[in-house]
Amino acid sequence: MAAVPEVNLWFQLYCLRDRAVREDLLQRADAVGCKTLLLTSDAVLLGNREWDRRNFARPRQLSLRNKLDVLCHPRWMAQALWPHGLPTLGNIERYLPAEQRTIEGAAQFIGSQMDTGLDWDALARLRERWPHRLLLKGVLHPADAEKAVALGLDGLVVSNHGGRQLDGVPASLDCLPAIAAVAKGKLALLLDSGIRRGSDILKACALGADAVLLGRSTLYGVAVGGQAGAGHALDLLAQELRLALSLLGTADLKLLDSRALITTSSTFPDCELSR
Ligand SMILES: Cc1cc2nc3c(=O)[nH]c(=O)nc-3n(C[C@H](O)[C@H](O)[C@H](O)COP(=O)(O)O)c2cc1C
């Protein structure tokens, strides 16, 4: 990817237990010119993903229902597998023993490597080690945002991992205003989890985000139409964002603040609902 002209490379790191592997990943990222490192903090263990367990309990062993589904979509299957075959986790393949170089082997490796001891000291060491931009992903509490500012991080991703980790955590959007109050302007504030419409981007920016990140909205596009599908999903979001901005009577996302968002309680302070 680094060979693509003017590409702006980011690398997402999980805090792996094996320091040699972690260090090698950092060196490889640095060597290809990656200028942004994003450390994910909210997945040191996998959440209780019952849906995943039902669907992927036996990886590669498809249920009858899966097989029928695949047979009904031959074109999709050909597109998904051509030209490289089944996907693997290429970044970490070289660290696996030969017999473990499969997607399940790689997933097992990552699972066994997650460092549950990730803490602020570890982050401070990473800050010293990585000379370029360093972002922390998975923050929902303003106290953590304050610590990130104090450590000299360059950005935060306010995120609940798309609701895939701890059941019951608040929406990232609801956490954003308190975080913006302590960190806005001191580092870059990004938000993800649940951005599905252009108007969601507008709401996040009005509440203090400098930008949003997208997970499943582009993945759904990829699943349906490969690269073109991802492009289409991005186009839809951009169109919706432009339309929502025009309907609000403003052309510039940067000019928006929370006054653009009227909540029931601020509109009708005396109504029963708001109490
Ligand atoms: C299939 C899938 C794989 C993911 N893998 C990672 C990952 O390896 N590292 C990470 O930091 N987040 C990962 N995430 C979480 C996303 O980075 C992001 O926080 C989340 O999907 C945002 O929510 P959204 O999907 O509602 O946009 C993954 C999400 C999905 C759906």
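A crossing of two helices is right-handed if the near helix is turned clockwise from the far one by less than a right angle. Keep that picture in mind for the first stop on this tour. The model shown above is predicted.

Start with the whole chain. It has eleven helices and six strands. Its C-alpha atoms fill a box of roughly 65 × 50 × 40 Å, taken along the principal axes. The chain has 275 residues, and buried residues make up 32% of them. Now take the contacts in the chain with a separation of 6 or more. Residues 24 or more positions apart account for 62% of these contacts.

Next, look at a pair of helices. Two packed helices are described by the angle between their axes and the distance between the axes. Helix α1 covers residues 19–31, and helix α6 covers residues 120–129. The axes of α1 and α6 come within 12 Å. They cross at roughly 35 degrees. The crossing of α1 and α6 is right-handed. Which residues make the contact? On the α1 side they are R19, E23, L26 and Q27. On the α6 side they are R125, L126 and R129. Sorted by class, the contact of α1 with α6 has four charged residues, two nonpolar and one polar.

Now move to the ligand. There are 16 residues around the ligand. Of these, Y14, T40, D192, G194 and R216 come nearest. Some side chains place polar atoms by the ligand. A polar side-chain atom of Q12 lies 3.0 Å from a ligand nitrogen atom. K137 has a side-chain N or O atom 2.9 Å from an oxygen atom of the ligand. For R196, a polar side-chain atom lies 2.9 Å from a ligand oxygen atom.

S217 is found in helix α10, which covers residues 216–248. Is S217 buried or exposed? Its relative accessibility is 11%, so S217 counts as buried. The cut-off for buried is under 20%. The side chain of S217 reaches the backbone oxygen of I195 at 3.0 Å. Not counting residues up to four places away in sequence, S217 touches I195, R196, A233 and L237.

Next comes a loop. The loop between β4 (155–158) and α8 (172–183) holds N160. N160 counts as buried because its relative accessibility is 12%. What does N160 touch? Leave aside its neighbours within four places in sequence, and N160 is in contact with residues including D42, L140, Q165, V169, D192 and S193. With S193 the link is also a polar contact: the side chains of N160 and S193 are joined at 3.0 Å.

Phi of S193 is near 95 degrees, a positive value in a residue other than glycine. E6 also has a positive phi, near 60 degrees, and E6 too is a residue other than glycine. E6 is found in the segment before β1 (10–14). At 83% relative accessibility, E6 counts as exposed.

Return to the loop between β4 and α8, where V169 also lies. V169 has a relative accessible area of 28%, so V169 is partly exposed. V169 touches L140 and N160, not counting residues up to four places away in sequence. V169 and L140 are 29 residues apart along the chain.

A180 is buried, because its relative accessible area is 12%. Leave out residues up to four places away in sequence, and A180 touches L189, L207 and G208. How far apart in space are A180 and P142? They are 38 residues apart in sequence and 8.1 Å apart in space, C-alpha to C-alpha.

Technical notes
Residues are numbered from 1 along each chain as its sequence is written. This is a predicted model: local features need pLDDT of at least 70, side-chain atom pairs count only at pLDDT 80 or more; totals for chains, interfaces and linings use all residues. Side-chain values use heavy atoms; hydrogens and water are left out. Axes are lines fitted to C-alpha atoms, for helices over the stretch in contact, and angles run from 0 to 180 degrees between N-to-C directions. Helices (H or I, at least four residues) and strands (E, at least two) are DSSP runs, numbered from the N terminus. Contact means heavy atoms within 4.5 Å. Ala, Val, Leu, Ile, Met, Phe, Trp, Tyr, Cys and Pro count as nonpolar, Asp, Glu, Lys and Arg as charged, and the others, Gly among them, as polar. Buried means under 20% relative accessible area, exposed over 50%, partly exposed in between (1.4 Å probe, protein chains only). A polar contact is a pair of N or O atoms within 3.5 Å; within protein, one must be able to donate a hydrogen and the other to accept it, and residues adjacent in sequence count only if both atoms are side-chain atoms. A residue is near a molecule or strand if one of its heavy atoms lies within 4 Å of it.
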